[in-house]
Amino acid sequence: GLIDCNSTTSNFSFRLIHALILKMQFMLLFSRQGKLRLQKWYVPLSDKERKKISRDLVQTILARKPKMCSFLEWRDLKIVYKSRYASLYFCCAVEDQDNELITLEIIHRYVELLDKYFGSVCELDIIFNFEKAYFILDEFLLGGEAQETSKKNVLKAIEQADLLQEEIPIIKEAEAPRSVLEEIGLT
Amino acid sequence: MPAVSKGDGMRGLAVFISDIRNCKSKEAEVKRINKELANIRSKFKGDKALDGYSKKKYVCKLLFIFLLGHDIDFGHMEAVNLLSSNKYTEKQIGYLFISVLVNSNSELIRLINNAIKNDLASRNATFMNLALHCIANVGSREMAEAFASDIPRILVAGDTMDSVKQSAALCLLRLNRTSPDLVPMGEWTARVVHLLNDQHLGVVTAATSLITTLAQKSPDDFKTSVSLAVARLSRIVTSASIDLQDYTYYFVAAPWLSVKLLRLLQCYPPPEDASLRSRLSECLETILNKAQEPPKSKKVQHSNAKNAVLFEAIALIIHHDSEPNLLVRACNQLGQFLQHRETNLRYLALESMCTLASSEFSHEAVKTHIETVISALKTERDVSVRQRAVDLLYAMCDRSNSKQIVAEMLSYLETADYSIREEIVLKVAILAEKYAVDYTWYVDTILNLIRIAGDYVSEEVWYRVIQIVINRDDVQGYAAKTVFEALQAPACHENLVKVGGYILGEFGNLIAGDPRSSPLVQFNLLHSKFHLCSVPTRALLLSAYIKFINLFPEVKGTIQDVLRSDSQLRNADVELQQRAVEYLRLSCIASTDILATVLEEMPPFPERESSILAKLKKKKGSSKLPDMDDSRKNVNGSAEHAEDAEVASKTPQFLLEELISTDRPHPSSSATMLPTRTMVPSHTFTDNLSVNSAPSSGASLLVDVFSDFSSAAPTESSDEHFPRFVCKNNGVIYENQLLQIGLKSEYRQNLGRMYVFYGNKTSTQFQSFSTSVSSNDVLCSHILCSAPQLPAE
């Protein structure tokens with residue numbers, strides 16, 4: 001007859017190590033009309049692949065109804081998303097083994113940071129100051145990992161950088177710094 | 001609007017963005033963009049050298065255009081130029097551009113790496129961070145080659161600022177992911193472990209992530225982090241909310257750090273040191289206790305953060321699988337969540353319970369929730385949640401509840417989402433086979449599957465039912481009767497015709513006595529479906545017809561007429577035509593004896609591993625599959641290597657087992673054995689390696705370890721596990737940080753079979769892995785050992 005595989009000896013189970021790092025693959029922010037406002041990729045993918053993923057995923061999420069849960073399986077990833085931030089959807093793709101609730105809070109923390117920095121942030125802020133949104137994200141998440149979870153410290157770092165630019169005098173055209181190429185004599 | 005003044009706000013950029021937003025159509029947008037691109041191109045090519053501000057503005061515009069979705073094929077040079085500016089914002093934009101538009105031009109790469117090198121050496125924390133962020137964002141091989149050895153130094157240097165340490169740690173983590181062979185272990189590893197004790201919690205957070213990833217590569221180097229992690233976690237969990245100040249998130253103490261520490265601990269088995277182990281258990285108990293306390297805040301952020309830590313703690317408890325009371329408590333906690341108002345928590349509870357279901361300590365506890373899970377399957381609105389319920393039912397299935405679970409899954413299948421039907425079909429097929437005591441139930445289940453979701457019943461499934469029917473005499477009559485009845489339905493799925501055709505062809509004689517299922521009736525029934533079927537099915541039916549000729553001489557004439565018809569003999573399809581011609585000829589010229597020999601009943605199929613399980617694993621990809629068959633995959637990519645050694649008698653140590661009757665119920669005996677090996681060969685897994693898997697380079701490390709291992713006498717290292725095998729047939733016989741060896745044996749009368757399983761616990765592949773079986777001289781002749789050479793992967 002069949003081997004009885006009903007053995008409950010779990011000593012025998014291979015508890016092999018999963019990918020234990022919260023491995024965020026990418027984060028997307030998009031509007032209800034499906035326009036991408038921010039895209040941060042933590043895995044190497046070609047342009048074409050990125051576009052395809054963004055398109056497909058945005059459609060999938062926009063099709064979800066309000067009462068559904070914040071997680072879904074998509075391809076072989078777990079998608080964690082929040083849709084209640086004004087007109088924006090925030091969505092992260094993590095690996096299937098990752099901690100979903102903490103990812104939700106990563107999204108929330110990022111929104112808090114944007115909010116503090118811009119003062120009641122709205123979609124327009126992110127549109128017109130997109131580069132700042134990326135800088136803030138980098139201070140908080142590096143390589144897809146939360147590096148600094150103190151809100152104060154992150155904001156302090158951004159503000160310091162902002163102040164830094166104000167200290168450096170505006171350089172006039174004539175004194176424009178030589179480019180690397182110029183320095184090595186190639187132009 | 002911005003609270004802090006941004007200095008140079010790049011007015012030109014803002015105007016451009018406004019213009020784009022005001023475009024009424026896609027064409028207008030493209031037109032405006034092209035105009036701008038032409039403008040920028042001419043500025044870049046112009047004679048006048050651009051000042052930093054302008055360059056920055058144009059590079060930023062290009063970036064914006066790119067992020068809108070248009071292709072950009074210039075600007076890289078200018079962006080690289082910006083890197084050498086000593087104005088912070090210009091550098092920043094330059095770095096942003098090159099991180100987003102990664103270019104593989106080698107000259108550019110050289111320049112970029114140069115700029116990074118300068119910034120790293122600048123001793124200016126802000127510049128260093130910019131450079132480190134860039135490396136972490138791009139993480140290319142060239143950058144790894146240039147910087148992988150510098151970054152550890154920066155990380156552990158005494159004078160490095162905290163913020164730089166954080167960036168360096170995560171930068172190194174990224175490089176290790178993409179180019180693990182270029183990140184060398186060294187003296188610095190001990191100092192990284194020490195960072196777990198740092199004052200600055202941000203540093204601890206980053207270091208924990210780094211250690212977790214490195215510990216998978218070289219677990220021994222970071223063993224000492226376990227006690228530090230437990231200590232840290234303990235302090236956090238027992239702290240008052242004011243202690244951690246800004247690291248408290250909505251009244252939860254350092255949730256991110258707690259989660260990371262709990263993950264780090266999942267890299268290692270339970271601590272050997274008793275006091276450390278009990279400290280950790282206390283910690284986990286505290287976390288479980290907190291879940292029962294009334295919440296400190298109504299905000300969802302509070303409960304999410306608190307529960308995130310809770311779920312991770314449960315994951316650790318499951319991973320250790322050693323404290324029964326913790327496991328049961330975890331199970332109960334999850335049981336509570338199963339009925340929580342919040343969908344997210346119900347989803348996560350279902351998911352988490354799947355892994356709990358495979359632990360022997362909590363398997364029974366999980367089963368107690370079966371009604372809740374079934375009700376979730378029926379009432380949950382969100383299909384993702386229903387899917388988790390299906391997964392959990394699959395995981396908790398055992399002999400005691402298999403009939404109930406299969407019935408529920410079948411009824412769910414009737415209304416299930418099309419995208420998930422195939423998976424459910426595979427699961428039902430696996431469960432039905434695995435837990436069939438009465439094979440009539442199995443046959444019914446598969447036929448039901450075909451009826452309900454015929455399109456999703458893949459070949460593996462219906463091949464299997466036929467194999468099983470062929471191999472089991474006791475169910476053949478039942479199968480014939482049942483397919484006969486099922487085929488009466490006016491519209492039946494083609495897969496049913498296939499199965500029915502085959503079975504009636506083989507066993508139609510068993511029901512031919514009844515006038516309602518006489519040979520002619522059977523033939524007419526099959527033939528009535530003939531014209532509705534695809535070519536492969538028709539081919540199968542033709543084979544069934546010739547078998548009928550053999551079984552039932554009385555219908556020979558009728559069938560020959562059919563074969564003789566033009567639609568068969570001149571069928572456009574070559575296969576059908578050939579079969580019709582040959583079968584017709586065969587029926588004419590062969591004597592009864594020859595015909596009977598040619599069309600003898602199908603012999604039993606040789607035992608094979610279940611291909612259905614393999615197909616299911618391939619389908620699920622690298623995602624977790626509940627530990628149904630005592631096998632789990634390492635998501636990082638190393639496969640489990642399986643091998644079996646047939647042992648006719650055993651080495652002295654195991655002789656005792658033969659005398660002790662095993663407590664496993666044996667299914668009703670049958671003439672032939674059809675064991676299904678439950679280990680899947682390694683090649684199915686390697687198809688699903690994650691995107692970033694890099695070629696193994698830890699080989700040199702491992703080879704040394706193994707040469708030590710193989711030279712040691714076999715009995716030495718595994719004594720502790722041997723006594724277990726006095727009473728049990730299955731279990732782990734040897735385990736260290738790298739390797740786990742398990743044994744599974746079964747015995748019948750004077751024959752025994754022993755499977756030896758080797759599990760790779762690291763994240764890198766073993767190379768040149770080989771095994772051997774040796775035993776005393778006396779017993780040597782009785783051992784048939786088949787140890788297939790493992791593929792060189």
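Visitor: How far is the sulfur of B:Cys171 from the closest cysteine sulfur?
Guide: In this predicted model, local features need pLDDT of at least 70, side-chain atom pairs count only at pLDDT 80 or more, and totals for chains, interfaces and linings use all residues. Residues are numbered from 1 along each chain as its sequence is written, chains are lettered from A and ligands numbered from 1 in the order in which they are written, and side-chain values use heavy atoms, with hydrogens and water left out. A disulfide is a pair of cysteine sulfur atoms within 2.5 Å. The closest sulfur to that of B:Cys171 belongs to B:Cys134 and is too far for a bond, at 9.0 Å.

Visitor: How many disulfides are there over all chains?
Guide: The sulfur of A:Cys69 has its closest cysteine sulfur in A:Cys91, and at 14 Å that is too far for a bond. Over all chains, the number of disulfides by this rule is zero.

Visitor: Is A:Cys69 buried or exposed?
Guide: Buried means under 20% relative accessible area and exposed over 50%, with partly exposed in between (1.4 Å probe, protein chains only). The relative accessibility of A:Cys69 is 1%, so A:Cys69 counts as buried.

Visitor: How do H29(B) and H30(B) run relative to each other?
Guide: Helices are DSSP runs of H or I with at least four residues, numbered from the N terminus. The axes of H29 (residues 535-551) and H30 (residues 556-564) of chain B come within 9 Å and cross at roughly 150°. Axes are lines fitted to C-alpha atoms over the stretch in contact, and angles run from 0 to 180 degrees between N-to-C directions. Angles over 145 degrees count as roughly antiparallel, under 35 as roughly parallel, 65 to 115 as roughly perpendicular and the rest as oblique, so H29(B) and H30(B) are roughly antiparallel.

Visitor: Which residues of H30(B) meet H29(B)?
Guide: Contact means heavy atoms within 4.5 Å. From H29(B) come B:Leu542, B:Tyr545, B:Phe548 and B:Ile549, and they meet, in H30(B), B:Lys556, B:Ile559, B:Gln560 and B:Leu563.

Definitions and conventions
Helix = DSSP H or I, 4+ residues; strand = E, 2+ residues; numbered from the N terminus.
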